[in-house]
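Subject: Structure handover

Hi,

Here is the structure for you to open. My notes on what turned up follow below it.

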Amino acid sequence: MTTYSSIPTAEQILEPSPSAILRRRIFGHSGFMIGTIIVAVIALVAIFAPMLLKYDPYTQDLVNRMVPPEFLGGKSDHVLGTDQLGRDYLARLLHGARVSLFIGLSAALISGIIGTAMGVAAGYFGGRVDAVVTFLINVRLAMPVVLVALAVVALFGGSLTVVATVLGLLLWDRYAVVMRASTLQIARREYVAASYAIGTSTPRILISEILPNLMNNLIVVATLEMAHAILLEAALSFLGLGVQPPTASWGLMISEGKDMMLFEPWLVMIPGVALFVLVLAINLMGDGLRDITAPGGRN
């Protein structure tokens, strides 16, 4: 038998569902949409680069060296021209996107695991654990990232694996700080206290109650650290202690073209603009995620 109280009101009928609200926030946030589309396009182009190009990024052609881009009067065969060794610049640019995305994702993953584990432990257990983690965070903040990365990469070599690992081991502090603060708030919620009161084990509380409520903050920090890692990799490669030749890297391309910057500025401008656009898009995406996942849906 249907009672009067079970009949939905007009407000309940007209109220949009949570999924509809989320879709409205996503498609209504222009910065997030622009950043996501740019990152998705760069990722797809980087993944399918071998099928999109007819030139190998490592094949040298000294006869056709320093050919300007087509929009500057160059050859149509080389849309973005060639470098000092005659290598197709578009091919190297697209393969450089692979390097940047690999470094960014790998460093964000490694640092995210380390920083999240430390931050959650400090925020949930408190006491001595919190004191130790806070001390480690202060030690890490006192270390200059670029100088430490330069020293380690110079010692162990500049391969992709080494650079990604070094950056991942140096960029965990922001994760730890944010996760610690968020865990301190969540650990005081009623549902966490209720789980503890009924005898739920600590690992289960951390996995089922704490971590799911940290995902929004974790994703936002991951996007910021991914952009940070990409810039650091470009800086290391520019200084000659990052990814080593002949690997295509945007920072290395800028370094190789700096000597000709006054005569052929496009050698520096093309990878520089690509680096700027990628980092800007990742930051727009992270900023949009922060607004979309906020309780009030900032916009």
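**Helix packing**

Helices α5 and α13 are oblique to each other, a class that takes whatever is not under 35 degrees (roughly parallel), over 145 (roughly antiparallel) or 65 to 115 (roughly perpendicular). This is a predicted model, where local features need pLDDT of at least 70, side-chain atom pairs need 80 or more, and totals for chains, interfaces and linings use all residues. Residues are numbered from 1 along each chain as its sequence is written, and side-chain values use heavy atoms, without hydrogens or water.

α5 covers residues 89-125 and α13 covers residues 250-257. Their angle is about 135°, and the axes lie 8 Å apart. Axes are fitted to C-alpha atoms over the stretch in contact, with angles from 0 to 180 degrees between N-to-C directions. Helices are DSSP runs of H or I, at least four residues, numbered from the N terminus.

From α5, Tyr89, Arg92, Leu93, Gly96, Ala97 and Ser100 meet Trp250, Met253 and Glu256 of α13 (contact: heavy atoms within 4.5 Å). Five of these residues are nonpolar, two polar and two charged; Gly counts as polar here, Tyr as nonpolar.

**Loops**

Pro245 and Pro246 are joined by a cis peptide bond, omega about 5°. Pro246 sits in the loop between α12 (215-238) and α13.

Met66 is in the loop between α4 and α5. Met66 is not a glycine, yet its phi is positive, about 60°.

Best wishes

Terms used
Helix = DSSP H or I, 4+ residues; strand = E, 2+ residues; numbered from the N terminus.
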